[in-house]
Amino acid sequence: MTARRVAARFAITCLALAVGFAPAPARAQPSAPDTTLDRFLGGLSDSTDAYFGRAAVPADSTGLDSALAYGLGHPKELARRGRWRPDFGPTLGFNRVDGPLYGGEFGVGRSRALGRFDGRLRYAVGPNLWLGGGGWRRAWGREGRDWQLAVNGGRETATLNRTARQHGEPDDALGDLQALVGGVDSRRFLRRDGWSARLSRSASPLTVSAAWRDMLESPRDVTTGWSLTHAGLSVPDNLHAAFGRVHEATLDASVRFPRWPIFGEATYDVSRRVLGSAFEYRRTRAALGANFGLGRFAALVPEVAYGRLSGESVPQAAFYLGGPSTLGRFDGDSLGGTSLAIGRIDVIGAKDVLALVHLPHPAAFPLQLGGYAASGAVWGPDPYGGAARPGVDWPGRELWRSEVAASLIYQPGLPTPTTMLRLDVVRPVGPGPRETKLRLSVTRAMALLRTFGED
Amino acid sequence: MPLPFLSLLAAWLAAAAPSTSGPTLAREDTMHTEVSEVLVNAPRVTLDEILDRVARGEARRDSMMRDQSFRTSLRMVIKSASANPQLFLETISQVYKKRPDKVRSVLLRKWRMKIGKKDKGDKDDDDMQLDFGPGMGEEVVNFAFQPSARRDFKYRIVGRDLVGSHLVYRIAFTPRSPLDPTTPSGLVWVDTNEFVIVRQEVGFERSPVPLFLKGIPRMVIERTRVGDYWVLKRMLMRVQTTVPIPKIGSSFDIAVSFDDYKINQGLSDSLFTAAGATRGSESSR
């Protein structure tokens with residue numbers, strides 16, 4: 001022990017003794033609190049009181065102490081009844097392989113307590129088939145740095161383009177509505193019977209997950225050709241999935257860069273015969289996107305994605321292009337291949353153009369201006385049976401499809417904050433026919449990534 | 001003392017009093033002095049440094065609290081923009097929190113206006129209650145000042161107020177991108193003695209859900225000091241809807257207030273084993 005430490009300890013001991021033995025009246029009184037800040041904040045509160053009026057009036061506290069004593073003494077009586085009260089609801093759907101879907105869904109519990117149980121049962125009128133399943137998910141740890149475990153099983157109709165499923169997006173209700181009303185449905189479907197489990201760990205800014213699934217995948221045929229307007233089906237057939245039981249492991253990571261509004265994600269799926277799977281493939285997809293402000297008037301949203309499938313080129317593991325989130329002049333998923341590259345840059349206005357031009361309109365329907373430029377390609381064996389497109393790591397130059405669009409956008413705020421109903425005037429760029437196309441669609445901003453939409 | 005003298009004195013005082021109320025000021029102009037100029041070259045604290053200190057101050061505030069109990073009330077006032085606002089619902093609860101993940105709330109009062117003859121009012125209406133998480137970080141106050149929020153917001157110093165021995169910074173924050181309409185902008189008051197946020201006003205550039213909401217013209221979040229800690233005092237918000245809601249109107253206020261705080265009182269674990277106690281984070285409803 002150094003001399004300085006000894007001296008310090010001695011001084012502290014003397015100080016403690018002096019304080020301890022000092023007569024009580026001699027003790028220093030705590031200084032009066034500085035009330036000037038309280039008065040300053042009180043002045044601001046007064047203006048708040050004046051603005052909010054009755055809402056700012058404190059609640060009457062009469063009887064609250066006795067209510068608290070009763071509540072503490074009778075905890076079961078006042079416990080929330082809703083914690084284990086199940087939620088029920090109907091569920092409806094429509095597509096050309098299932099036809100009308102009628103059923104119900106339920107949920108009970110909370111993911112942070114014993115877990116949340118969800119289930120759904122639906123009858124598909126087209127093939128006369130019961131579909132449904134259930135799942136349990138549980139989360140623990142504090143928010144932002146938590147673990148999540150989810151186990152699901154059952155029989156469901158899924159889409160061959162798996163990006164939306166891996167992005168955890170809900171059922172495509174608008175796609176069902178378009179199919180029901182006008183027969184407009186470019187989705188390709190398959191059936192999955194089996195179970196899956198996923199363990200995720202979030203530790204901002206990174207989220208990683210590992211998943212396993214054991215599912216029998218089977219092709220589906222079109223069973224329903226009608227629509228409410230008696231229009232024919234926009235896509236009269238359904239691309240068949242390869243039949244077989246798949247055992248697939250998935251590793252997934254997504255990141256939000258700490259200081260920049262940049263988002264990234266990567267997914268690796270592997271299905272091996274040595275794991276008991278019917279298929280042998282490895283599938284990798286990575287995407288990067290950003291959200292920059294152009295003042296308060298617009299947002300600049302660039303995004304890129306790249307994917308490769310090696311091994312067997314089964315249609316349910318292929319990459320697809322087309323639709324409002326990628327290349328709008330092509331119908332959804334109408335181009336396919338074992339590899340994908342796409343870049344897109346959106347400009348999305350934030351101001352209500354109708355208000356800017358002083359055009360009277362309901363407040364519920366502000367319209368924004370926007371536009372985008374996109375270029376993408378798929379290459380490798382074609383799941384639709386066409387000739388294989390040249391390219392290994394990168395596509396041939398002639399495979400790139402490019403377009404620009406001007407858009408009128410309505411952002412309703414539901415079901416996600418950046419969900420957009422957009423009317424695009426799309427014009428192809430580059431060689432080939434330059435037919436301008438008008439397209440009405442629903443999408444969300446930065447749809448090539450899951451990260452932004454989930455926040 | 002003779003009465004005429006008193007009358008005379010009163011008349012003289014009345015005549016001598018200035019026409020306006022308040023003290024009479026006199027200026028001393030017979031003495032002069034000069035102080036030589038002193039060049040102060042200490043660097044002014046940068047905005048980045050202030051933001052770092054606010055993040056640290058808020059983290060420190062959070063880490064100092066081991067447990068807390070408070071009483072909270074949720075009130076909704078309808079027809080708030082009219083001349084006759086009405087209390088629509090009121091819920092009061094006593095809340096206990098303890099690190100790391102314990103929370104319990106005891107319902108003290110529940111009341112809701114009946115809408116129509118068949119409506120049972122507050123009976124069987126569980127959605128009226130607030131759920132609380134165990135955290136004491138008060139993210140509703142400091143969400144824009146957490147280190148990870150720097151990528152989402154731009155900041156600027158709007159002003160400084162010298163209040164007694166406190167220097168209060170007013171810092172405005174706005175979203176870096178207008179893409180997400182649910183990201184608010186706002187103004188916070190930061191007491192630089194502890195670098196904690198003492199008040200916040202939040203607004204939205206455009207309606208977050210235009211289909212239903214015309215806008216949220218004003219939202220105020222206030223803190224108050226309880227002992228050594230700054231804690232939530234109340235949150236008030238005015239909501240305007242695009243179409244009038246039957247019986248409610250097109251404007252209503254929501255107020256959540258917090259009082260009767262007790263902090264670090266050493267809450268027993270047994271308090272959290274009863275029915276109604278939960279573990280882990282839960283969102284507010």
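Visitor: Which residues of H2(B) are called buried?

Guide: In this predicted model, they are Leu51(B), Val54(B), Gly57(B), Glu58(B) and Arg61(B). The label needs 20 or more other C-beta atoms within 10 Å of a residue's own.

Visitor: What puts them on the same side of H2(B)?

Guide: Their arc around the axis does. They cover only 125°, and therefore they share one side of H2(B). The face turned away from that buried side carries exposed residues: Asp48(B), Glu49(B), Arg56(B) and Ser63(B).

Visitor: How do you know that the span of helix H2 of chain B agrees with what it should be?

Guide: Helix H2 covers residues 47-63 of chain B, which is 17 residues. At 1.5 Å a residue they should span 24 Å. The end C-alpha atoms are 24 Å apart, so the two values agree.

Visitor: Why is Leu162(B) called exposed?

Guide: Leu162(B) has 10 other C-beta atoms within 10 Å. The cut-off for exposed is 12 or fewer. Leu162(B) therefore counts as exposed. This residue lies in strand E4 of chain B. Its C-alpha atom is separated by 31 Å from that of Thr183(B), 21 residues apart along the chain.

Visitor: Why is Gly182(A) called partly exposed?

Guide: Gly182(A) has 16 other C-beta atoms within 10 Å.

Visitor: Where does Gly182(A) lie, and what is it in contact with?

Guide: Gly182(A) lies in helix H6 (residues 173-182) of chain A. Leaving aside neighbours within four places in sequence, its contacts are Ser227(A), Thr229(A) and Ala231(A). Each of these pairs meets the contact cut-off, with C-beta atoms within 7 Å. Gly413(A) is 231 residues from Gly182(A) in sequence, and their C-alpha atoms are 25 Å apart.

Visitor: Which residues of H6(A) are buried?

Guide: Gly175(A), Gln178(A), Ala179(A) and Leu180(A). The buried residues of H6(A) pack against strand E1 (87-95) of chain A. Just after H6(A), Gly183(A) takes a positive phi of about 75°.

Visitor: What makes E1(B) mostly covered?

Guide: The count of buried residues. In E1(B), 11 of 12 residues are buried.

Visitor: How do you know that E1(B) pairs with E2(B) and with E10(B)?

Guide: A pair needs at least two bridges. E1(B) and E2(B) are joined by 12 bridges and run antiparallel. E1(B) and E10(B) are joined by 10 bridges, also antiparallel. Both counts meet the cut-off, so E1(B) pairs with E2(B) and with E10(B). Take Ser73(B) as an example. It stands opposite Ile92(B) in E2(B), and its bridge partner in E10(B) is Ser257(B).

Visitor: How many residues are in contact between chain B and chain A?

Guide: 59 residues of chain B are in contact with 60 residues of chain A. Strands supplying at least two residues each to that side of chain B include E1 (67-78), E2 (86-98), E3 (102-112), E8 (213-226) and E10 (249-263). The residues of that side divide into 22 nonpolar, 17 polar and 20 charged.

Visitor: How do the chains look overall?

Guide: Chain A has eight helices and 19 strands. Chain B has three helices and 11 strands. Of the 455 residues of chain A, 31% count as buried. For the 285 residues of chain B, the share is 32%.

Visitor: What confidence does the predictor give?

Guide: Chain B averages a pLDDT of 83, and 84% of its residues score at least 70. Over residues 1-20 of chain B, pLDDT stays under 50, with two contacts beyond four places in sequence. Residues 280-285 of chain B are also below 50, yet that stretch has 19 contacts beyond near neighbours in sequence. For the complex, the ipTM is 0.81 and the pTM is 0.80.

Key
Residues are numbered from 1 along each chain as its sequence is written. Chains are lettered from A and ligands numbered from 1 in the order in which they are written. This is a predicted model: local features need pLDDT of at least 70, side-chain atom pairs count only at pLDDT 80 or more; totals for chains, interfaces and linings use all residues. Helices (H or I, at least four residues) and strands (E, at least two) are DSSP runs, numbered from the N terminus. The expected span of a helix is 1.5 Å times one less than its number of residues. The arc is that of the directions from the helix axis to the C-beta atoms. Ala, Val, Leu, Ile, Met, Phe, Trp, Tyr, Cys and Pro count as nonpolar, Asp, Glu, Lys and Arg as charged, and the others, Gly among them, as polar. pLDDT is the predictor's confidence in each residue, from 0 to 100.
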